[in-house]
Amino acid sequence: MKTREIIKTLQLEVLTGQETLDTEVTGGYTSDLLSDVIANSKEGNLWITLQIHQNIVAVAKLKDLAGIIIINNRKPDKDTLEKAAAENIAVMISKEMAFEVSGKLYELIGSQD
Amino acid sequence: MKKSDEHVLSQQFEIKGGDFSNAGKTSTSIKEILQEIGIDTSIIIRAAIAAYEAEMNVVMYAQRATFTLNITPEKLCFKVEDEGQGIDNLDMAMQEGFSTATDEMREMGFGAGMGLPNIKRNADRFKIFSTPGKGTSLDLTFFLNQDE
C-alpha cells in the first residue's frame, strides 16, 4: 500500500515530501527513542512518534523510511520542516495518539516482515 | 604492503560537538558513498546504524572529532577519534540502558543507553579506547566478503 492511500484512510495532514507519497509502505515502527528507530526500523516503514525536533529527519533519511507520522496533533519545529523539505522526507500529522495510529496502520497493512 | 591493504577509498569528515543541526550529516554522506560504490545493502544497513550512533556520541559528548572512512576490497573501516570528556567506565558504557545523557537529550529521544551496544552489535570488529578528560577513539571493521 502506498503512503498516499494510508494518508487518506488515517486522515493525516501532509506537511512535506508530497513527491514521495507513492512510496510502497513496508510496515510501521512506533517509538520515540532515536536509537531504537535507527536500530530496528526497516526501509519503507512509516515511523510513528511524538518527536518533533530536526534530528528525526536524519533518522528517516538514513533508514530510508517512507515517512514520519507525528501524533497527537503536535506541530514539528520550523527547522524540522525545512530539513524534511530539503531531504524530501514526508512529514505528516495525526490528531490521534500513537496507539490509535499504530492500530489503524496495522489493520491496513499488518506487519509485513 | 599486501595488495589487499590497498585503499580503494579513504575519506575524512569533521564532526562538531553540540551541533545538533548538522547531526546525521556525516553518517548520511557515508551511507551515500557506500551506496555509490555498490557495497552490499545488508552491510550498508549495519554500517549506517554504527556510523549514526558514533556520530551522535560525538555530537552529544565531545567537542569535536574526525571520522575516517577507509575502504579496501576486503573491508570497510570507521575510525572515530574525538576530543572530549572521554568515558570513565567503559564496562558500564557498554551496558544496554546505561547513559550519562542529560534530561534535555533524553527528551529528544537520545540517551537510551543503546548507542555503543548498537555499534558493537552491528560491526564485525569493535575496538574502543578512552582517556577520561581527553577523548574516545572508536575502531570499527565491517568485512565485505561475508563468506570468508
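## Reading an interface and a ring cluster

Modeller: In this predicted model, the rule finds 11 residue pairs in polar contact across the interface of chain A and chain B, both residues at pLDDT 80 or more.

Colleague: Which elements give two or more residues to the side of chain A that touches chain B?

Modeller: Those elements are α2 (34–40) and α3 (55–62) of chain A, and the residues of that side divide into seven nonpolar, five polar and six charged.

Colleague: How many salt bridges are counted between chain A and chain B?

Modeller: The count is two, and one of them joins the side chains of Lys61(A) and Glu32(B), with N to O at 3.5 Å.

Colleague: What area is buried between the two chains, and which residues of chain A lose the most?

Modeller: About 1,600 Å² is buried between chain A and chain B, with carbon and sulfur atoms giving 58% of it; on the side of chain A, Ser35(A), Asn55(A) and Leu62(A) lose the most area, together 34% of what that side buries. The contact itself takes 18 residues from chain A and 22 residues from chain B.

Colleague: What describes a pair of aromatic rings?

Modeller: The distance of the centres and the angle of the planes describe such a pair. Over all chains, the structure holds three aromatic pairs. The ring centres of Phe67(B) and Phe78(B) are 5.2 Å apart and their planes stand at 65 degrees, so this pair, being over the 60-degree cut-off, is edge-to-face. The pair links distant parts of the chain, with Phe67(B) in strand β2 (residues 62–71) and Phe78(B) in strand β3 (residues 75–84) of chain B, 11 residues apart.

Colleague: Are Phe67(B) and Phe78(B) buried or exposed?

Modeller: Phe67(B) counts as buried because its relative accessibility is 0%, and Phe78(B), at 0% relative accessibility, also counts as buried. Ring pairs link Phe67(B), Phe78(B) and Phe142(B) into a cluster.

Key. Residues numbered from 1 in each chain as written. Chains lettered and ligands numbered in written order. Predicted model: local features only at pLDDT ≥ 70, side-chain atom pairs only at ≥ 80, totals over all residues. Heavy atoms only, no water. Phe/Tyr/Trp six-rings, centres within 6.5 Å; stacked < 30°, edge-to-face > 60°. Helix = DSSP H or I, 4+ residues; strand = E, 2+ residues; numbered from the N terminus. Buried < 20%, exposed > 50% of the residue type's maximum accessible area, 1.4 Å probe, protein only. Contact = heavy atoms within 4.5 Å. Buried area = accessible area lost by both parts, 1.4 Å probe. Salt bridge = Lys/Arg side-chain N within 4 Å of Asp/Glu carboxyl O. Polar contact = N/O pair within 3.5 Å; in protein donor to acceptor, adjacent residues only side chain to side chain. Nonpolar A, V, L, I, M, F, W, Y, C, P; charged D, E, K, R; others polar.
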